[in-house]
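Welcome, and please open the model in your viewer. We will go from one selection to the next, with a few notes on terms along the way.

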Amino acid sequence: MEKFIPYEKLSKKKRRELDRRRRSDWGDCKPVSRKIESGKIYKRKKAKPEEDLDASPFSYFFLRLPPIWNRPVTISI
């Protein structure tokens, strides 16, 4: 049987070992409290619309070009 030593008098190494044994895992339970947001509340961070390619003056030109990488390559020797 081990002799009882107060926690304050334990060495730093022994205190760490004891602390590690006392700590436990929360498992699947998450200790953070959560709430359901109301749909009536104003949201500052709205979903931003994706950038439209038609916004630039050159997009019409680039979108109308046939893709170069799909053309068959011919090599003449």
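This is a predicted model: local features need pLDDT of at least 70, side-chain atom pairs count only at pLDDT 80 or more; totals for chains, interfaces and linings use all residues.

A salt bridge here is a side-chain nitrogen of Lys or Arg within 4 Å of a carboxyl oxygen of Asp or Glu.

Residues are numbered from 1 along each chain as its sequence is written, and side-chain values use heavy atoms, leaving out hydrogens and water.

Start with a cartoon view of the protein chain: it has 2 helices and 0 strands (DSSP runs numbered from the N terminus; helices are H or I with at least four residues, strands E with at least two). Of its 77 residues, 4% count as buried (under 20% relative accessible area; exposed is over 50%, partly exposed in between, with a 1.4 Å probe and protein chains only).

Next, select Glu 17 and Arg 21 to see the salt bridge, whose closest N and O atoms are 3.5 Å apart. The two are 4 residues apart in helix H1, so about one helical turn separates them. Glu 17 is partly exposed at 38% relative accessible area, while Arg 21 is exposed at 61%.

Now move to Leu 10, in the segment before H1. Leu 10 is buried, with a relative accessible area of 17%. Leaving aside neighbours within four places in sequence, Leu 10 is in contact (heavy atoms within 4.5 Å) with Ile 5, Arg 15 and Leu 18.

Finally, select Arg 23, in the loop between helix H1 (12–22) and helix H2 (59–64). Arg 23 is exposed, with a relative accessible area of 60%.
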